[in-house]
Amino acid sequence: MSYLRVMVRPARSARVICAGSTWLSPPEKFQTTQPATRNFSVDSTVTSLWTTMSQSTPVAYVQQGLVNIHDFTGLPWWASVILSTVLMRSLVTLPLAIYQNKIVARLEKISLEMPEIVKGLKLETAYAIKKYNWTEQEARITYNRSLKKQWDKLVIRENCHPAKTMIVLWGQIPLWVMMSVSFRNMVHMLPDPGSIEAQITFTELTLGGFGWIPNLTEVDHSLILPVAMGLINLAIIEIQNAARTRESSKLQRIFTNVFRGLSVLMVPIAATVPSCLSLYWVTSSAYGLCQNLMLMSPRIKRLVGVPQVPSELANPYQHVREKFAQRGSALLSKIGLSSK
């Protein structure tokens, strides 16, 4: 055991050791000691969670990377925030979004093979019922098992497990959290407020703003960034919804409404955080909007290797415009106005 470990070992409460001799502590000490009670507190739990994340190794790497980008480029901090966001999303979420589009296209392609498989399984099941005198329940169980096995074979063949259709969220959410905590650390000079580097970074942030936000450690009192973030996030949701060629399922409609609510909820949250964090959120949302619009193009899809499928729109942007026009006309008619 190292000397440092010996030094930080807790002292025994029942004994006092001095110069090789041992004395028992006074018995009155044990009579007056009360058992410690542990009370649950939401504030302490949140604080402990933030502390754990702010001191984590991934956040430390991201935070140092943000500082290195700023120092290497020599840009003011507002431009460094935008550049860092674009670089991080280009390296992480854009490749995942392309891969997710490939998975969705492969799933649609193998679903086109299923009608023939279903037809063959029905014939085989009908034959087995006559030959082996299966009951209806036995036939249904065997049919469903065989159908699932055939589907699993197609999924393995194309390497397109349905769970991979959520791969963008698996990469985007951790990146968003680590970047957000990193900017929060820099504003609060964490994890070591006494560090010279942390104090220098904080000072640079106070002077590295732009336009109506000269100090990036303060909130955006004009609410331009929070409102812009909310509008961009709503635009992403509505464009994705309008780009669908099939009728939305009940589950899809529920998720769409949930994301709409979260987009609105994030506006007052963004209005209470430092403007460097709001700027990161706005830039990330704007990148997501451009990414979605770009990957709607058939030409871009072929360029990045996404296979063509029957549901793909030849003119997706025109389709989205028409959808928005239809919704606008329906909204005007509901409020008693006619669109011309």
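Student: Let's start with Ile254. Which helix is the place of Ile254 in?
Tutor: Ile254 sits in helix 12, which covers residues 250-270. Keep in mind that this is a predicted model.

Student: What surface patch is Ile254 part of?
Tutor: A nonpolar one of about 720 Å². Ile254 makes it together with Leu251, Phe255, Val258, Phe259, Leu262, Leu265 and Ile269.

Student: Which residues line the largest cavity?
Tutor: Arg89, Thr93, Gln172, Leu175, Trp176, Tyr280 and Ser284. They divide into three nonpolar, three polar and one charged.

Student: Which helix gives the largest share of that lining?
Tutor: Helix 9, with three residues. Helix 9 (167-187) and helix 13 (275-294) each supply at least two.

Student: What about pockets? How much space lies in the second largest pocket?
Tutor: About 360 Å³. It is lined by 19 residues, and the closest to its centre are Gln63, Gln64, Val67, Glu197 and Ala198.

Student: Which elements give two or more residues to that pocket's lining?
Tutor: Helix 4 (57-73), helix 9 and helix 10 (196-207) do. By type, the lining of this pocket has eight nonpolar, seven polar and four charged residues.

Definitions and conventions:
Residues are numbered from 1 along each chain as its sequence is written. This is a predicted model: local features need pLDDT of at least 70, side-chain atom pairs count only at pLDDT 80 or more; totals for chains, interfaces and linings use all residues. Side-chain values use heavy atoms; hydrogens and water are left out. On a 1 Å grid over the protein atoms alone, a cavity is a set of points where a 1.4 Å probe fits but cannot get out, and a pocket is an open set with protein on both sides within 12 Å along at least five of seven lines; lining residues have an atom within 4 Å of a point. Helices (H or I, at least four residues) and strands (E, at least two) are DSSP runs, numbered from the N terminus. Ala, Val, Leu, Ile, Met, Phe, Trp, Tyr, Cys and Pro count as nonpolar, Asp, Glu, Lys and Arg as charged, and the others, Gly among them, as polar. Patches are made of residues with over 30% relative accessible area and no salt bridge: like charges are joined within 9 Å, nonpolar side chains (Val, Leu, Ile, Met, Phe, Trp, Tyr) within 5 Å. Accessible areas come from the Shrake-Rupley method with a 1.4 Å probe; for residues, only the protein chains shown count as cover. A salt bridge is a side-chain nitrogen of Lys or Arg within 4 Å of a carboxyl oxygen of Asp or Glu. Grid points are joined across faces, edges and corners, and a volume is the space filled by probe spheres set on the points.
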